[in-house]
Amino acid sequence: MKNPLKLDGEEVKILHDFEREEFTSLTNFKQEKRQLEEAARDLLQKDKRINIRISSRDLKTLQKKAAKEGMPYQTLISSTLHKFVTGKLKSVE
């Protein structure tokens, strides 16, 4: 089957599952949504501040990479640290 929408592998699987009617409606959608929103807020809340020293060269490189991604460099640093501590950062060797 062609992929005219340019979907990735996970999106194609979701589409196939949807087409096979494997999804069911939640009986308590509003309550479930509220709980998930609260969990996301708690997870994403940034409540601690740190100060670090890094080289000017590394900072400039981070700022360029962040600009290329369309985000503030602090967000890029925070995201990278989060991926590291959750084991989602892949090592390139």
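**View 1. One aromatic pair is what this structure holds.** The rings of Phe18 and Phe23 have centres 6.3 Å apart and planes at 45°, so we call the pair tilted. For the terms: rings of Phe, Tyr and Trp (its six-membered ring) pair if their centres lie within 6.5 Å, and planes under 30 degrees apart count as stacked, over 60 as edge-to-face and the rest as tilted. Phe18 is exposed, with a relative accessible area of 56%, while Phe23 is partly exposed at 48%. Here buried means under 20% relative accessible area, exposed over 50%, and partly exposed in between (1.4 Å probe, protein chains only).

A quick word on what you're looking at: this is a predicted model, where local features need pLDDT of at least 70, side-chain atom pairs count only at pLDDT 80 or more, and totals for chains, interfaces and linings use all residues. Residues are numbered from 1 along each chain as its sequence is written, and side-chain values use heavy atoms, with hydrogens and water left out.

View 2. Helices (H or I, at least four residues) and strands (E, at least two) are DSSP runs, numbered from the N terminus. Which of these two is buried and which is exposed? Lys13 is exposed, at 53% relative accessible area, but Asp17 counts as buried, at 12%. Asp17 also meets Arg20 in a salt bridge, at 2.6 Å from N to O.

**View 3. Glu21 sits in the loop between H1 and H2.** Its phi is near 60°, a positive value in a residue other than glycine. Glu21 is exposed, with a relative accessible area of 69%.

**View 4. Glu37 and Lys33 pair up along helix H2.** In this salt bridge the closest N and O atoms are 3.7 Å apart. Both residues lie in H2, four residues apart, or about one turn of the helix. Glu37 is partly exposed at 38% relative accessibility, and so is Lys33, at 40%. Elsewhere, salt bridges that share partners join Lys13, Asp17, Arg20 and Glu22 into one network. How many salt bridges does the structure hold? The count is four.

**View 5. Helix H2 spans residues 29-44 and is hardly covered.** From first C-alpha to last, this 16-residue helix reaches 22 Å, close to the expected 22 Å. (The expected span is 1.5 Å times one less than the number of residues.) The count of buried residues in H2 is zero. The score pLDDT is the predictor's confidence in each residue, from 0 to 100. Over the protein, pLDDT averages 87, and 96% of the residues score at least 70.

**View 6. Ile50, Ile52, Ile54 and Leu81 make a nonpolar surface patch.** The patch covers about 390 Å². Leu81 is found in helix H4 (residues 73-85) and counts as partly exposed, at 45% relative accessibility. Patches are made of residues with over 30% relative accessible area and no salt bridge: like charges are joined within 9 Å, nonpolar side chains (Val, Leu, Ile, Met, Phe, Trp, Tyr) within 5 Å.

Definitions and conventions: Areas by Shrake-Rupley, 256 points an atom, 1.4 Å probe, with all protein chains shown as cover. Salt bridge = Lys/Arg side-chain N within 4 Å of Asp/Glu carboxyl O.
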